[in-house]
Amino acid sequence: MGATSGLYFDDYSPVGDILVVALCAVMIILLAASYVNKTKAFRLFITMIVLLFMGAITDLIYHDAYLRITNGNYTLIYVLRVFYHAFLFSLLFLFVLYVIELQRHVISVRVPVILLSSIIYLTVIGTDIITTINGTGFKLKADGTEISGINIFLVGYLAFVVLLVILMIVFRNRLFKRVMVGFYGTMAMSFLVLYNQGRHGQSSFTAATFLFPMFAMLYFIHSTPYDVELGAIDAKALNDMVRYNYDRKSQLIFMSLYLPDFDSEGKTIPAEMQAVIRRFASSFFNGGILFQINNGHVILMAKKIYNPDYENKVNKLINAFYDEYERFKYDYKIVVGESIDEISRKNEYVSFINNIHRNMEMNSIHMVEYDDVTQFNRYEYILEELGDIYRRHDLRDSRVLAYCQPVFNIKKQKYDTAEALMRLKLPETGLVFPDQFIPLAEEHGYIHVLTEIILQKTCDEIRHLLSEGYEVKRISINVSTLELRDESFIDDIERIIKESGIPDNKVAIEITESQSESDFLIMKKTINALKDRGIKFYLDDFGTGYSNMERIMEIPFDIIKFDRSLVIASDSNEKSEKMVESLADMFSKLDYSVLYEGVENASDEERCIRMSASYLQGYKYSRPVPIIELQNFFSKIDS
């Protein structure tokens, strides 16, 4: 008798497995064609798709082979069935590993859960093989009819599901609510389909039930990339939300939280604080969606129509935030506002908010006003001009002005040095000061070209002054530590000075101390290389922020430039003056020259001279002036 009379196979339809094969192929195609972070979780997810694909193919072959067998030899059927189960149980095993990987910070549960899931996996697969061989499990009579036995598939499936449910319960406080609902909902749907399939003696949609939680993974984590702990989506999704609502003239409200302590690679917001942010995002605004811009910056957005009383909600949230601030004490900047058509049209809320951050005090809250848009447009224009200056690379670009501030030489009682300073003069804004464009240039990689331009214009003026017989000891330029990472930095500096035809020792470089070890080593190497050419080096802004005396001694600076803050501090009380004086005296005895900047009056001057000053700089002597006016301060050699 042929196999067509088998009860187990009579109610099977290939539609379910064909659908699974097709959908797995579609998912792989879509993931290959789109950008997805190639994380370990993603690699596990791809492997799971492949296993399900192979399982569905095996099930199709398994049932097709049964229909073709007429001699009562079902060995191939038993082998295919074991492989089919092995693919599905391997998928369940990887599902457990996947959940563990999403909670990679919870190290304590990783090993025991992996061990337990491995035991379940090996036990189920082993039992399936043994019961198939000894006939206590799945077995077919000679006529192809199934003999009921131990249903090891159901036992193994339930064991893995129980383990997964326990894991979800354990991690319930670390998973974003919407992600939890998505996973629980798809798993419940899988149960429902399996239950109804079993009631009707069906097996056509077993593989299909594994698709449901995989769609949840694809949507929540790999397609719309939720951070499952913080409950945030990335900035690309924010742009989509802004575009969608702008097209439909729907007003949004937004609230930005910036935590600078975590705004660097490798740092993450602590789990306790993530829980607070997650709770705030879901508790105060109806339909609010949280977006993670970078490690330390999140933006909450919601439709205004769903939150007509959003001002009250903002006040409540801020009050709750202050309570939490007392626990954590991390620095912050908060920006709150409604969507603005001009910013929505450009879809530039991240840049807009970051520009507001630049002008905010730490630990403050800013309510957006239209003046912020005006400032942002100015910022965008300056950035556009900086980009054009960078691309043209004209070292005498007329938009970059060379200013300088003369420096008074105490010993010679005259001006023979100066600090070169940059200004921009742009058609639409007029004069732009360094604090408005230097941070932008550093952030966008334009700073080195600006340094080349100011160096070129400084060298041009030095050459002119020397040709006119003026005494020029040196003029310094400021250099960003970011530039030192550029392999061409040394060659660029040497080339400009050489082509200008002036002595190398007429140029000095001012640089602030680096905090990172790698930048310190680069700085040390660069300074040593350029000092061999005669170029002098100033340690700028000594006394502000970070100062490591050991590192300062390792680098062959020529002049230590005491910041204005030390000048002010020395005037506050006798103890402070003695402290500054001791530092200056120490540097002088170590053959460093000491330059005080920010000297504004005769009292400052007298005090700084007492405190071992070699050079003085500040408004008492001159405000910054165009560099061509430097000849009004320098003396001719023969005079």
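The following legends describe close-up views of a predicted model.

**Figure 1. Helix α23 and the elements that surround its buried residues.** Helix α23 spans residues 602-610, and its buried residues are D604, E605, R607 and C608. These buried residues pack against two helices, α21 (564-570) and α22 (574-589). They also pack against the strands β16 (593-597) and β17 (615-617). At the start of the helix, a side-chain oxygen of N601 comes to within 3.2 Å of the backbone nitrogen of S603. Just after the helix, S612 adopts a positive phi of about 65 degrees.

**Figure 2. The salt bridge between R607 and D571.** The side chains of R607 and D571 form a salt bridge with an N to O distance of 3.4 Å. R607 belongs to helix α23, whereas D571 sits in the loop between α21 and α22, so the pair ties together parts that are 36 residues apart in sequence. R607 is buried, with a relative accessible area of 3%. D571, in contrast, is partly exposed, at a relative accessible area of 48%.

**Figure 3. The salt bridge between E605 and K620.** A salt bridge joins the side chains of E605 and K620, at 3.7 Å from N to O. The pair links distant parts of the chain, with E605 in helix α23 and K620 in the loop between β17 and β18 (625-626), 15 residues apart. E605 has a relative accessible area of 18% and is buried; the cut-off for this class is under 20%. K620 counts as partly exposed, at 33% relative accessibility.

**Figure 4. The K313 and D309 pair.** The structure holds 36 salt bridges. One of them is formed by the side chains of K313 and D309, with 3.8 Å between N and O. K313 counts as buried at 13% relative accessibility, while D309 is partly exposed, with a relative accessible area of 35%.

**Figure 5. The largest nonpolar core and the surroundings of F352.** The largest nonpolar core comprises 101 residues, and those touching the most other members are M301, F352, F557, F562 and Y596. Helix α17 (residues 447-467) gives the most to this core, contributing nine residues. A second, separate core has 58 residues, among them L94, F95, V113 and L211. With residues up to four places away in sequence not counted, F352 touches I340, I343, V368, D372, V373 and F376. As general background, nonpolar side chains in soluble globular proteins tend to be buried together.

Figure 6. A search of the whole structure finds zero disulfides. For C404, the closest cysteine sulfur is that of C459, at 14 Å, which is too far for a bond. The cut-off for a disulfide is a pair of cysteine sulfur atoms within 2.5 Å. C404 is buried, with a relative accessible area of 0%. C608 is likewise buried, and its relative accessible area is given as 0%. C608 is also one of the buried residues of helix α23.

**Figure 7. The buried acidic residue D17.** D17 is located in helix α2 (residues 15-33). This residue is buried yet has no salt bridge. The nearest side chain of opposite charge belongs to R81, 12 Å away, whereas a salt bridge requires a side-chain nitrogen of Lys or Arg within 4 Å of a carboxyl oxygen of Asp or Glu. Leaving aside neighbours within four places in sequence, D17 is in contact with Y12, A56, D59, L60, S204 and A207.

**Figure 8. Two residue pairs that relate sequence separation to spatial separation.** I77 lies in helix α4 (residues 75-102) and is buried, with a relative accessible area of 0%. I77 and A65 are 12 residues apart in sequence, and their C-alpha atoms are 7.0 Å apart in space. M54 lies in helix α3 (residues 40-68) and counts as partly exposed, at 35% relative accessibility. M54 and S622 are separated by 568 residues in sequence and by 80 Å in space, from C-alpha to C-alpha.

Key
Residues are numbered from 1 along each chain as its sequence is written. This is a predicted model: local features need pLDDT of at least 70, side-chain atom pairs count only at pLDDT 80 or more; totals for chains, interfaces and linings use all residues. Side-chain values use heavy atoms; hydrogens and water are left out. Buried means under 20% relative accessible area, exposed over 50%, partly exposed in between (1.4 Å probe, protein chains only). Helices (H or I, at least four residues) and strands (E, at least two) are DSSP runs, numbered from the N terminus. Contact means heavy atoms within 4.5 Å. A polar contact is a pair of N or O atoms within 3.5 Å; within protein, one must be able to donate a hydrogen and the other to accept it, and residues adjacent in sequence count only if both atoms are side-chain atoms. A nonpolar core is a set of buried Ala, Val, Leu, Ile, Met, Phe, Trp, Tyr and Cys residues joined through side-chain atoms within 4.5 Å. Lys and Arg count as positive and Asp and Glu as negative; His and the chain ends are not counted.
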